Amino acid sequence: MESILKNIPSEFKGEIIYREEACRICGHKSGKKISVIDYWDLRTSNLVKCSNCNLAQLDPMITHDETAIGCLAYYVKATLRNTKEKEAKNLLRNFRRGFLFGRSLEKQGIEPKKVLEMGPGSGYFLEGLKFVFPEIEITVMDVNKEVLQFNSEHHGYKPIENILEKPLEHLENQFDLVVARDVIEHVVDIKKVVENIQLYLSDQGLFHFTTPNGHEDLWKHYLTYNQKNKHSELLLNHVNYFDGKGLLDFLKEQAFEPLKYYTYKLKTTRRGRGWKVSEKLMSPVSQKLSSSLYANEKIKDLENFSFIKSEVLKSWYINKSRKMMTYIISSYLHANPIRVSPELNVGHEIYGLFQVNK
Ligand SMILES: [Zn+2]
């Protein structure tokens, strides 16, 4: 038993190469080549794990323009598979998660007044947070106009159109909470983004994020390259793959102290992700899918889903006078009783709540 556990997570084998671009966190110039990916038909890059800080990134990194086309193509591809009912369930799920997050802050005696969410998606996570803190002032930042328009019209949040890497001086010390859920794995320059979060937060302000366990996320690309010697397909722009300890060290260097930092959903590890060699766990071999086919042609087939908030949140347990019931049901549906240190690099997702000391 012990010998099996010793190999989880399994180490990546690969040659050490001199990279085209330095590591975006530490500036190191060499790293282990884990895989070669094709990001749609837009770019071929190595996936390189830094020899110094253990962050894995695309090398070379995709550009902001490539990101924009690829993200739109991905959105179209994913939405065409989706139904309105399924999407409405997702919104409700995000609401419950936001509610639980708010409750956990409340239990710690924290009451945020001004929150900024980077990459808010549907905005329903914040809607759940607002259910706990009705007075909270909400701002959302995104590069995508449609996302901002939805958040502003549907929820009344204040929208800011901006690339997350670009600092906005007028936001300095403006927020006591910054949220970035499933965002930091997508940004082309993680160091700049975290510096900006630091800038926007007031002293002792909080930063909450979720992100995939990078080791597990890399594993599928590693298998395709290592076992088949083929390029692996990258459609969703995961461009950063975080090592649990590397991410913690990096955030500490940026003056963030962890209040909560853990990995959960260990089911995926049990199924072999991060250590087992199997065809099933491999990323598909690249077909260099046409990004413009989706971004320019198939986009016309998109049904325009529109949602009425009271319909999305019509469940019996969501009621302002019955918040205890909201809590019980949400906890039941989203409890993650088993939590381990992200430094073990097992499990599916990393949860972080950090406090900045300016
Ligand atoms: Zn590095």
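Five bridges join strand β5 (residues 114-118) to strand β6 (residues 137-142), and the two run parallel. The model is predicted: local features need pLDDT of at least 70, side-chain atom pairs count only at pLDDT 80 or more, and totals for chains, interfaces and linings use all residues. Residues are numbered from 1 along each chain as its sequence is written.

*The sheet*

- Helices (H or I, at least four residues) and strands (E, at least two) are DSSP runs, numbered from the N terminus, and two strands pair if DSSP finds at least two bridges between them.
- An open sheet is formed by seven strands in the order β7-β6-β5-β8-β9-β13-β12, with mixed pairing.
- Because β7 (158-161) and β12 (256-264) stand at the edges with a single partner strand each, one side of each is left without a neighbour in the sheet.
- From one strand to the next, the twist averages 15°; axes are lines fitted to C-alpha atoms, for helices over the stretch in contact, and angles run from 0 to 180 degrees between N-to-C directions.

*Helices on the sheet*

- Helix α4 (residues 124-132) packs on the sheet and touches β5, β6 and β8 (175-181), its direction making about 160° with that of β5; two residues are in contact if their C-beta atoms, placed from the backbone, lie within 7 Å.
- Nine of the nine residues of α4 are buried, so this helix is largely enclosed by the rest of the structure; buried denotes 20 or more other C-beta atoms within 10 Å of a residue's own, with C-beta atoms placed from the backbone.
- The cover over the buried residues of α4 includes α3 (84-107), β5, β6, α5 (145-155) and β8.

*A pair of helices*

- The axes of α3 and helix α12 (residues 323-334) come within 10 Å and cross at roughly 110°.
- The two helices α3 and α12 are therefore roughly perpendicular to each other, a term for angles of 65 to 115 degrees.
- R96, R97, F99, L100 and R103 of α3 make the contact with T326, Y327, S330, S331, L333 and H334 of α12.

- Not counting residues up to four places away in sequence, F207 touches V178, I197, L201, F256, F354 and V356.

Technical notes: A residue is buried if 20 or more other C-beta atoms lie within 10 Å of its own, exposed if 12 or fewer, and partly exposed in between; C-beta atoms are placed from the backbone. Angles under 35 degrees count as roughly parallel, over 145 as roughly antiparallel, 65 to 115 as roughly perpendicular and the rest as oblique.
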